[in-house]
Amino acid sequence: MLIQAFFPSLQHNRRAALAATLVIALALAALPLVLGMAGNRWVRMADFALLYVMLALGLNIVVGYAGLLDLGYVAFYAVGAYMYALLASPHLMENFEWLAATFPDGLHSSIWLVIPLGAAIAAFFGVLLGTPVLRLRGDYLAIVTLGFGEIIRIFLNNLNAPINLTNGPQGISNIDPVRILGLNLSDPLEIGSFEIAPVTLYYYLFLLLTIGVIVVSIRLQDSRIGRAWMALREDEIAAKAMGINTRNVKLLAFAMGASFGGVSGAMFAAFQGFVSPESFILMESIVIVAMVVLGGMGHVPGVVLGAVLLYAIPETLREIAKPVQLALFGEEYIAPEALRMLLFGLSLVLIMRYRPNGLWPAPKHGRSALPAVGAATATATAPASAAAIDSKVAS
């Protein structure tokens with residue numbers, strides 16, 4: 001299924017598909033070991049790239065599948081992070097005596113509880129956001145969701161009085177790392193004389209979660225509800241006329257997209273060991289939207305590519321900008337951060353100029369299977385066909 005989505009030309013060649021799967025699996029498994037030769041900071045970048053892939057795939061459900069522009073998606077990331085921080089740190093014990101008496105050994109939540117709980121709580125906030133904006137579209141929806149994201153950040157920044165729930169701008173520290181079957185991912189794993197660093201252990205955990213998110217995204221795309229989202233994206237009035245309950249479909253899109261953000265936020269808190277409101281600013285939401293749009297809206301492989309490139313390239317420039325300038329000119333003319341953002345912005349302009357549909361856009365339905373004479377007609381009728389197929393998706 002994954003190979004069919006990423007490499008459609010191999011779907012009828014089982015041997016080639018199996019070979020491609022094995023090659024990709026081996027490459028992903030060996031990646032942190034290769035990057036670790038140059039320092040753990042490169043493996044750490046790969047860890048964060050996987051977190052951003054999960055975030056981008058979650059937003060892709062809202063923006064790419066359902067066509068609902070959400071500029072406050074980072075709020076669900078924050079909800080998941082603070083959920084894990086409160087359930088896996090001594091913060092609540094120090095501020096609520098009754099909790100300390102109830103749990104004398106402290107709250108040390110298991111990952112098997114954290115992941116579904118993070119998804120559920122973030123989905124609840126997704127419905128909370130979606131309910132009042134059901135009638136909004138376009139720019140108005142973007143403005144309201146942007147405000148929702150800022151409201152969540154401001155709440156987190158100020159909920160330290162009169163009851164200290166989030167510790168305000170100081171954030172929450174001493175967060176427990178992930179433990180799986182007695183294995184503490186913050187400690188190196190020794191296998192004989194070979195030692196696996198903690199950042200590498202987190203990489204494999206994030207990789208498994210990312211693959212799970214990709215599988216769910218692809219299954220949703222090909223399901224009846226996925227086709228209902230796409231009909232909603234193409235024309236909401238036509239979708240409603242065909243019997244689709246647009247209210248429920250929108251709320252489900254917000255909830256499903258938010259759940260991925262909640263899981264990613266929980267893993268971010270476990271990985272960092274510290275969370276604060278500064279990690280969930282508006283710029284984070286804008287970057288995640290850029291990953292979806294520039295990768296290819298509604299296309300899972302394109303979104304994955306956009307997330308990896310838009311995170312990895314700027315971070316790589318941050319690392320190499322100063323050494324390259326010193327090697328070429330003997331001194332540093334432009335600060336690495338300024339050069340990073342300059343090249344980042346330039347790359348966005350060039351991509352939108354020469355690849356307006358994204359780096360890896362979704363294939364047009366009907367073009368490959370039909371002769372050239374009928375291709376234009378098939379392309380024009382594709383949205384109507386998608387709506388007709390799902391005319392039975394109702395309340």
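**Salt bridges, cover and core**

Modeller: Glu319 forms a salt bridge with Arg41, their closest N and O atoms being 3.0 Å apart. Glu319 sits in helix 14 and Arg41 in helix 3, so the pair ties together parts 278 residues apart in sequence. This is a predicted model: local features need pLDDT of at least 70, side-chain atom pairs count only at pLDDT 80 or more, and totals for chains, interfaces and linings use all residues. Residues are numbered from 1 along each chain as its sequence is written, and side-chain values use heavy atoms, leaving out hydrogens and water.

Biologist: Why is the contact of Glu319 with Arg41 called a salt bridge?

Modeller: A salt bridge needs a side-chain nitrogen of Lys or Arg within 4 Å of a carboxyl oxygen of Asp or Glu. Glu319 and Arg41 have N and O atoms 3.0 Å apart, so the pair qualifies.

Biologist: Why does Glu319 count as partly exposed?

Modeller: Buried means under 20% relative accessible area, exposed means over 50%, and partly exposed lies in between (1.4 Å probe, protein chains only). Glu319 has 29%, so it is partly exposed. Arg41, at 44%, is partly exposed too.

Biologist: How many salt bridges does the structure hold?

Modeller: It holds five. In one of them, the side chains of Arg137 and Glu236 meet at 3.1 Å, N to O. That pair links distant parts of the chain, 99 residues apart: Arg137 is in the loop between helix 7 (111-130) and helix 8 (138-158), Glu236 in helix 11 (residues 236-241).

Biologist: Is Glu236 buried or exposed?

Modeller: Glu236 is buried, because its relative accessibility is 15%. Arg137 is partly exposed at 47%.

Biologist: What does Glu236 meet in a salt bridge with Lys250?

Modeller: The two side chains meet, N to O, at 3.1 Å. Glu236 in helix 11 and Lys250 in helix 12 are 14 residues apart. Lys250 counts as buried, because its relative accessibility is 3%.

Biologist: What makes Arg137, Glu236 and Lys250 one network?

Modeller: Their salt bridges share partners, and that joins the three residues.

Biologist: What makes a set of residues a nonpolar core?

Modeller: The members are buried Ala, Val, Leu, Ile, Met, Phe, Trp, Tyr and Cys residues joined through side-chain atoms within 4.5 Å. The largest core here has 105 residues, of which Tyr84, Leu205, Trp229 and Val275 touch the most other members. Helix 3 (residues 40-65) gives the largest share, 19 residues.

Biologist: Which residues are in contact with Leu205, leaving aside neighbours within four places in sequence?

Modeller: Contact means heavy atoms within 4.5 Å. Leu205 is in contact with Ile111, Val178, Ile180, Leu185 and Met267.

Biologist: Where does Ile334 lie?

Modeller: Ile334 lies in the loop between helix 14 (300-329) and helix 15 (336-354). Ile334 is partly exposed, because its relative accessible area is 36%.

Key: Helices (H or I, at least four residues) and strands (E, at least two) are DSSP runs, numbered from the N terminus.
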